[in-house]
Amino acid sequence: MAKITIPLGPQHPALKEPGNFLLTLEGESIVGATIRLGYNHRGIEKACEQRNFLQDIYLLERVCGICSHSHTTCYLGAVEEIAKLEVPKRGLAIRVLVAELERLHSHLLWLGVAGHEIGFDTLFMYAWRDREHIMDCLEMVTGNRVNYAINTVGGVRRDVTPEMKDKILKTLTVVEERANYYVELATQEVTVLARCKDVGRLPNDEAVRRCAVGPLARASGVASDVRKDDPYLLYGELDFKVITSDRCDVLGRVEVRALELFESIKILRQVLNGLPEGPIAVKAPRKVPAGEAVSRYEAPRGEDIHYVRSSGGEKPDRVKVRAPTLANWASMAYMLEGGYLADVPLVIAAIDPCFSCTDRAIAVRGDGQSGSLDWDSLRRYAREFHRSRGVDFSNVPGRV
Amino acid sequence: MEEQTRKKLEERFGADVSNFVIPRPRRMFVDVPREKLVDVARFVRQDLGITHLSTITGLDAGEKMEMLYHFSTPGLCLTLRVRLPVDDPKVPTITGVYLNAESYERETMDLLGTKVEGLPPGRRYPLPDDWPVGDHPLRKTWKKAA
């Protein structure tokens, strides 16, 4: 059969971010794949050199719209090491709190996207509704849904009140129950099994050879997790398991992420119930002494690594960011080759590449009047809208 | 683990590995000449058993350019530092040892203008195809085009 080569992307309905995949096909089977990236290059590393250490936090928070806290915490790990700043324990605990809430929301988001890619849109809607509970907690703690802006040099900017603690613990009970349902789904549901089993295979030795990170590596039996291998914040003192699977396929990646929900919930309970007393931040000087540091962090998608060098001024000399998705592209061509064209979007989605999400709505009326709706009124509006059409959401399981 | 690794590297490479810095537990920096880079990388992977290359940082330090190869394993993040003259920034590729080095090496070629030798043919990353030749944004002397 004659081989044909087709491009997928950079703009393609199945991709949520710009990437170019050149696929060589023999019929429906993929026999070769090359990847071209860089369409989203924004020059953030260069921009960091032109701003001071504090301004860089806000810039780096925008590297990714899903793991925004990961990048700032990773960067600050390096800056605080160079500046020899000791962040108070309560500050560290709040960083862990936001980090694990972020992992929960990110994994639920991914679960929804995976559901959508396999044509199981009910799962997409369930997962994203459950994710809203976590988003509410993040908004309550930090004041923001996406770019939390909770981190600052030397600690965090907002404290956690006892009311917030109660609300989060209550939410976790609901999310835990839902997580049970997702695990059942990932291991038993016929559609999920049929669509994910043996798709996008990455054997253990290839995952090691290609230096895969995060859930992708763990689903190929590589027990790598920066929280265990190179503990930062309070992870050295917390009790949690590294979830792995030997399945080496997309189904394994679903399983790992679903089971990681429980580990994050476990960590959150430990942090909330043992929240240390004391200040949340120390005062940091504007100038950071000369030095360099490498900081690693387990983002929801895997190992995030930042390198920072200072020459003793207010601005860094160099900030290097390597987000987890870049590390996982090295495995992508391997996972695509030998598979079917129809599985490409799912295999790509299974490494959970980053894309952004939006917030809030502006109501614009035909009579020229406009105004913004806050989240609660938007929700009330949605409930009323559906109730007036005969759909009542008040008895749906999983409501907080 | 840091001291053990240092000893093993010194035993094998002697004066070719220098300037060991252990700023804190689980972190180590060491200087390697570019001629020895591939040998040391192979030793790190095969003898020290560090199979994970986290990333490569390229930077312009004024008189010299630096390539920092960050390797990690549970309990240690080892950084090999290669200093390159600015007028001759040639460095051998380590893709023969660490397959995933390719995109990181291409990144330093585009953004910093290093000359990585021995890379398989492939597309540039991350700058666009029509980006001017010889224009490397991460050089300290770089000026934004008007």
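How much volume does the largest cavity have? The answer is about 110 Å³. A cavity here is a set of points, on a 1 Å grid over the protein atoms alone, where a 1.4 Å probe fits but cannot get out. Grid points are joined across faces, edges and corners, and the volume is the space filled by probe spheres set on those points. The model is predicted, so to speak of local features takes a pLDDT of at least 70, and side-chain atom pairs count only at pLDDT 80 or more, while totals for chains, interfaces and linings use all residues. Residues are numbered from 1 along each chain as its sequence is written, chains are lettered from A and ligands numbered from 1 in the order in which they are written, and side-chain values use heavy atoms, with hydrogens and water left out.

By this rule, four cavities of 30 Å³ or more turn up. The largest cavity is lined by 15 residues, and A:Leu15, A:Lys16, A:Glu17, A:Ile348 and A:Pro353 are the closest to its centre; a lining residue has an atom within 4 Å of a point. Helix H13 of chain A (residues 344–349) gives the most to this lining, namely three residues. Helices (H or I, at least four residues) and strands (E, at least two) are DSSP runs, numbered from the N terminus. By residue type, the lining of the largest cavity splits into eleven nonpolar, one polar and three charged.

Helix H4 (89–117), helix H6 (162–188) and helix H7 (190–196) of chain A each supply at least two of the lining residues, with H4(A) giving the most, at four. Here the lining comprises eleven nonpolar residues, one polar and no charged.

On to the sheets. In chain A, three strands make an open sheet in the order E6-E7-E8, with antiparallel pairing; two strands pair if DSSP finds at least two bridges between them. Strand E6 (291–299) and strand E8 (316–322) of chain A are the edges, each pairing on one side only. Neighbouring strands of this sheet are turned by 15° against each other on average, direction ignored. Six bridges link strand E7 (residues 302–310) of chain A to E8(A) in the antiparallel sense, and A:Ser310 has A:Pro316 in E8(A) as its bridge partner.

Chain B has an open sheet of five strands, ordered E1-E2-E5-E4-E3, and its pairing is mixed. The twist from one strand to the next averages 15°. E3(B) and E4(B) run antiparallel and are joined by eight bridges, with B:Gly58 standing opposite B:Met67 in E4(B). Helix H1 (residues 2–13) of chain B packs on the sheet, where it touches E1, strand E2 (27–31) and strand E5 (76–85) of chain B, and its direction makes about 20° with that of E2(B). Axes are lines fitted to C-alpha atoms, for helices over the stretch in contact, and angles run from 0 to 180 degrees between N-to-C directions. Helix H3 (residues 101–112) of chain B lies across E3 and E4 of chain B, at about 10° to E3(B). At the E1 end, two bridges join E1(B) to E2(B), which run antiparallel, and B:Ser18 stands opposite B:Asp31 in E2(B). E1(B) and E2(B) form a hairpin with five residues between them, and B:Arg26 in the turn has a positive phi of about 75°.

B:His70 sits in strand E4 (residues 64–73) of chain B and is buried, at a relative accessible area of 0%; buried means under 20%, exposed over 50% and partly exposed in between (1.4 Å probe, protein chains only). B:His70 touches residues of chain A, including A:Val294, A:Ile305 and A:Tyr307, as well as B:His52 and B:Leu78, among others; contact means heavy atoms within 4.5 Å. A:Ala33, in strand E3 (residues 29–36) of chain A, is buried too, at 10%. A:Ala33 and A:Met335 are 302 residues apart in sequence and 9.4 Å apart in space, C-alpha to C-alpha. The contacts of A:Ala33, leaving out residues up to four places away in sequence, are A:Leu22, A:Leu23, A:Ala333, A:Leu336 and A:Glu337.

How values were computed: 1 Å grid on protein atoms, 1.4 Å probe; cavity = no way out; pocket = protein on both sides within 12 Å on 5 of 7 lines; lining within 4 Å. Nonpolar A, V, L, I, M, F, W, Y, C, P; charged D, E, K, R; others polar.
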